[in-house]
Amino acid sequence: MQVSEVRYGDSLVLTPVGRIDNSTNDGLKAALDSHVANCRRGGDRLVLDFSRVDYISSVGLRVLMLAAKKVREQDGTIVVAALQPVVREIFEISRFNLVFQCFATVREALGKVSAVALAAYDSAGGA
Amino acid sequence: MALWVTFWGTRGSIPVSLDCASVRDKLASAIVSAAGKGLDTQEKARAWVDTELDFSVSHTFGGNSACVQLDAGDGEYVLCDLGSGVRAFGNHVFSRDGPSKKNTFHIFQSHVHWDHIMGFPFFGPAYVPGNKIRIYGCHTNIEEALRRQQDPPSFPVPFDSLSASIEFVTLQPGRSYDIAGWSVTARRQNHSGDSYGYRFVRDGRVIVYSTDSEHRLDIPDEVEGAATFFADADLVIFDAMYSLAEAVSVKEDWGHSSNVVAVELCQLANAKHLVLFHHEPANNDERITEIWRETLRYEEISRIGPPLRVSAAYDGMEIEL
């Protein structure tokens, strides 16, 4: 699975692409694993941009949960943004919308997690 | 030949019942919904209730703990688990057969946690001389568990006072047995103290009873094993007690599964009909209905082959195969 990374100040935006299921979740896990350790109080904030994810299965959601658990143990911040309608439904059905803060856009998510990141995002033209 | 599955108990962990406030709310909702419908006879009202009123208002999913009957119409009584629902089943047998007919009951135990055995002291046919009760399972402590719950000070009637002939038969998981006309295979499941699912085959039709199992779809061997066990099943009765978020976080290792995993596993196994079972006791009728509707939607979203039919079990539900 392709997962792109863009840094805005003290925040990282990870953008997975495609379906997250049994055959692809390893890619998401690898991308998260490489950043979760530094997602702690005073460290990086993680924003998962789901604008290019069209489906996520229970296995993919489990990967998110493991990352969230680790981040919370470290008093860090991980949020989700830009869910496509179908994936938003999956979050609601699975109750993952109660586990993750979900934002309509990446900009809104960055604004919530870090003023520095939002300023960096806006100065970069919001892309 | 038609096969029937009757659900006598569908609740997980502990029996529950409707309380006064719930009945009052249902009545109020029904009265408001009925306004202007011209329901001036019992017949009209019943027809409207059955066809127009939302199930969560017109009925209840019920509150007995696990007990499911498999019926091939041959007079053999085959059950899965001895939860509190077996009391109603016993009463049904008395009503149908009268008090003097002697029967044989074949009972398959998923495990011996209390909610799955608590109905046995109230199973009327166990008190009738001449009845035969054969209790099958892969645990070796089923007899101990059933005896212990009737020992003082827990119950006034000791197990040895039961007049029926009661026999315990230990099964080996993975081995197929011919019992009461069914080919039955057990599979070990992930649950505290282990539980066992059962795959019943008869006349080319397959029924899988898989309750009290925490299915882990992130473990390839587990996925393959479960999908093989569920393969091409006409009916899968599945423990969907928790939401996925609960099952992989605060309730991880509690030994139960979710509606989302149920759908994915059934789709992978090419099963035809999923029945959500072992309902969370904290969930009311409205909530279970909501979960059922969400499960229908998730089945649409995740569909990879033919549509999977999805039902939510309720006490008294009958399914013909």
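1. The elements of chain A, read from the N terminus, follow the order β-β-β-α-β-β-α-β-α-β-α-α, giving five helices and seven strands. Helices (H or I, at least four residues) and strands (E, at least two) are DSSP runs, numbered from the N terminus. The model is predicted: local features need pLDDT of at least 70, side-chain atom pairs count only at pLDDT 80 or more, and totals for chains, interfaces and linings use all residues. Residues are numbered from 1 along each chain as its sequence is written, while chains are lettered from A and ligands numbered from 1 in the order in which they are written.

2. Chain A has a radius of gyration of 13 Å, close to the 14 Å that the globule rule gives for 127 residues, so it is as compact as a globular protein of that length. The radius is taken over C-alpha atoms, and the rule is 2.2 Å times the number of residues to the power 0.38. The C-alpha trace of chain A spans about 35 × 30 × 25 Å along its principal axes. Of its 127 residues, 49% are buried; a residue is buried if 20 or more other C-beta atoms lie within 10 Å of its own, exposed if 12 or fewer, and partly exposed in between, with C-beta atoms placed from the backbone.

3. Chain B comprises nine helices and 14 strands. Its radius of gyration is 20 Å, close to the 20 Å from the globule rule for 321 residues, so chain B is as compact as a globular protein of that length. Its C-alpha atoms fill a box of roughly 60 × 50 × 45 Å along the principal axes, and 45% of the 321 residues count as buried.

4. In chain B, strand β9 (residues 195-202) has six of its eight residues buried, so it is largely enclosed by the rest of the structure. Strand β8 (residues 182-189) pairs with β9(B) in the antiparallel sense over seven bridges, where two strands pair if DSSP finds at least two bridges between them. Five bridges join β9(B) to the antiparallel strand β10 (residues 205-210). B:Tyr198 stands opposite B:Ala186 and also opposite B:Tyr209 in β10(B).

5. Both pairings are hairpins. That of β8(B) and β9(B) has five residues between the strands, with B:Gly193 in the turn at a positive phi of about 80 degrees. That of β9(B) and β10(B) has two residues between the strands, and B:Asp203 takes a positive phi near 50 degrees.

6. Between the chains, 16 residues of chain B are in contact with 15 residues of chain A (C-beta atoms, placed from the backbone, within 7 Å). On the chain B side, α9(B) gives the most, with five residues. The residues of this side divide into eight nonpolar, three polar and five charged; Ala, Val, Leu, Ile, Met, Phe, Trp, Tyr, Cys and Pro count as nonpolar, Asp, Glu, Lys and Arg as charged, and the others, Gly among them, as polar.

7. Which residues have the most contacts inside the largest nonpolar core? They are B:Val236 and B:Leu274, in a core of 127 residues. Such a core is a set of buried Ala, Val, Leu, Ile, Met, Phe, Trp, Tyr and Cys residues joined through C-beta atoms within 7 Å. Leaving aside neighbours within four places in sequence, the contacts of B:Leu274 include B:Val236, B:Phe238 and B:Leu308.

How values were computed
Contact = placed C-beta atoms within 7 Å.
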